Amino acid sequence: MNILYFSLFILVGSIISLINAHQQHPHGQQISVQLSEELNSANNKLNGIFAHPEIENRKVVVLSIAGAYRKGKSFFLNYCLRFLYANYRSINTLNQPFVKNHNWWGRDDEPLLGFSWKHGSDPDTKGILFWSDIFLHEENGEKIAIILMDTQGIFGFEADHQLDAKVLGITNFISSIQILNINNFIEDHQLEHLKLVTDFAQLTTNRQNENLLTSTSKPFQKLLILFRDWSDEEFGYRYGPGYDGGELYLKRVLNSKVGTNLNVQDVQDHIKDSYDNIDAFLLTSPGEIISDETFDGRWNLLNDEFKVQIKTLIESILSPKNLALKKIFDKKVTAKELLKYILLIFAAFKGSDAPKSKFIFDSFIKPELTELSEQAVNEYMKKMRQSTDHTNPNYAIKLLTDHNRIKMEVIEIFKNVPKMTSKNEFIGLISLNIEIAFLNWKPSVKTLHDQYIAHKKQLEYQAWQSLQARREGARRIYEKTPQYQSCRFFTMYMHDCGMTNNVNSVT
Ligand SMILES: Nc1nc2c(ncn2[C@@H]2O[C@H](COP(=O)(O)OP(=O)(O)O)[C@@H](O)[C@H]2O)c(=O)[nH]1
Ligand SMILES: [Mg+2]
């Protein structure tokens, strides 16, 4: 009997693992990085995704979703994956024939695969998860990589607020599109978290705070506040679903909170100053089916209204013309740069204190500035060497004019190179470094002078030699003339008479 039970157990186990194997996504998997993870290990994992030769130099779009537990964040991202696979090529599908599929939401009975999502109230996602496959796009000649990121839930009942703030902070810094998944309505602590993150972002971009940190644009690109399980009925059908309702509702929430503990105006200002673009979207519930434990996410079981809204929402975020590129302090970054930045952000949020903006500057922006400035000085020196004319007697004056002209030329070349500091700050830095390079180079002016004198002397010597040669030639010809002969005879005669000492004086 026991053997029978055991065999049955094995059989059921095999069937379950077979189903699971079948449910693996065909083109990718989630790569999880824990907040406590060693940076080396995180680096190894992420290198595998970002350092692909087809990816590393592309500009990036990073879509992230953070927020309430068990509110379909991973579920939503998996429909995003369906849109992406139907509309873009990806690294893992590069060798397959590709035809855009306008019915991107898939077959009616297709189980929803991708990031792990599940029924129940236990959190299923821990840390931060990256989709291992990356989508490729080219817009106006600019090559773009699209990266998807899922996160562990925050804003739970027994939430660790510090951990929540970290998750929100990290995802905000890394993403270019941050979706804040909210259950029904905004509560004070959710706004507080957002303020914390935006406070820090403000600090890193505030010129006064750290002197060197400057940026003209906002620190983050796109924030979408996504209200899940929206029921307009509860609000007397005042708003309506989608973006329009979202905008109205967000305005109302922020206004109605004036006078509570939280300075909502302050939060509102901070958020506005932190994102280039802020939207809110009211998304109704997928329907009763979500309480069914066997529900596998298939399209035909979802509420019609939810289907219409989720189509609008995903198309609006991920359509080629709407993609928001990741910028760090004004500069659109490449996947390679983003990887460095992600590791830095992980390191910055590791401690229990709020990360220091100086740390971000020292580790990420300063090396870029130094490298660009070195390139500018090298370009300046190359041009100076080419323009130096050893034979010009006015070399000293010319050197100074060349220096000023070439410095301006180099600044002109470099001032529009995209970078993470402001243009003026950068111009100031390279001017200074060029001046220093000029001063250091000036001692070699003495060498130049010596070379010039030596060169001049050599020229004079050559001229003297050629004059001598010409004279000698002329003398030989003259010696053969009758005048010379008679003159020579006369001279010798005079010499014989004791009237002159030098018989060779006639030349
Ligand atoms: N209440 C609600 N549940 C949803 C929604 N979308 C999906 N779900 C269900 O929520 C459960 C958890 O989904 P999951 O994506 O793992 O949630 P996550 O923890 O936020 O990532 C699953 O049973 C889903 O079917 C939604 O819009 N509202
Ligand atoms: Mg999840």
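Predicted model: local features only at pLDDT ≥ 70, side-chain atom pairs only at ≥ 80, totals over all residues.
Colleague: What does the protein average for pLDDT?
Modeller: The average is 79, and 72% of the residues score at least 70. pLDDT is the predictor's confidence in each residue, from 0 to 100.

Colleague: What about residues 206-215?
Modeller: pLDDT stays under 50 there too. Residues 206-215 have 20 contacts beyond four places in sequence in the model.

Colleague: How many helices and strands does the protein have?
Modeller: It has 15 helices and 11 strands. Helices (H or I, at least four residues) and strands (E, at least two) are DSSP runs, numbered from the N terminus.

Colleague: What share of the residues is buried?
Modeller: Of the 507 residues, 32% are buried. Buried takes 20 or more other C-beta atoms within 10 Å of a residue's own; exposed is 12 or fewer, partly exposed is in between, and C-beta atoms are placed from the backbone.

Colleague: Let's do ligand 1. Which residues come nearest?
Modeller: Gly72, Lys73, Ser74, Phe75 and Trp117, out of 20 residues around ligand 1. Near means that the C-beta atom, placed from the backbone, lies within 6 Å.

Colleague: Which element gives the largest share of that shell?
Modeller: Helix α3 (residues 73-87), with 3 residues.

Colleague: Is α3 enclosed or open?
Modeller: Largely enclosed by the rest of the structure, because 13 of its 15 residues are buried. α3 reaches 21 Å from its first C-alpha to its last, close to the 21 Å expected at 1.5 Å a residue. The expected span is 1.5 Å times one less than the number of residues.

Colleague: Now α2. Which of its residues are buried?
Modeller: Ala42, Ile49 and Phe50. They are on the same side of α2, because they cover an arc of only 75 degrees around the axis. The arc is that of the directions from the helix axis to the C-beta atoms.

Colleague: Why would spaced residues share a side?
Modeller: An α-helix has 3.6 residues a turn, so residues three or four places apart point the same way.

Colleague: What do the buried residues of α2 pack against?
Modeller: β1 (30-33), β4 (128-131) and α10 (335-348). On the other side of α2, Asn40, Ser41, Asn44 and Gly48 are exposed.

Colleague: New topic. What is the phi of Asn140?
Modeller: About 50 degrees, a positive value, although Asn140 is not a glycine. Asn140 sits in the loop between β5 (135-139) and β6 (142-151). Asn140 is exposed, with 4 other C-beta atoms within 10 Å.

Colleague: And Asp229?
Modeller: Its phi is positive too, near 55 degrees. Asp229 lies in the loop between β8 (220-228) and α7 (242-256). Asp229 is partly exposed, with 17 other C-beta atoms within 10 Å.

Notes:
Residues numbered from 1 in each chain as written. Chains lettered and ligands numbered in written order. Contact = placed C-beta atoms within 7 Å.
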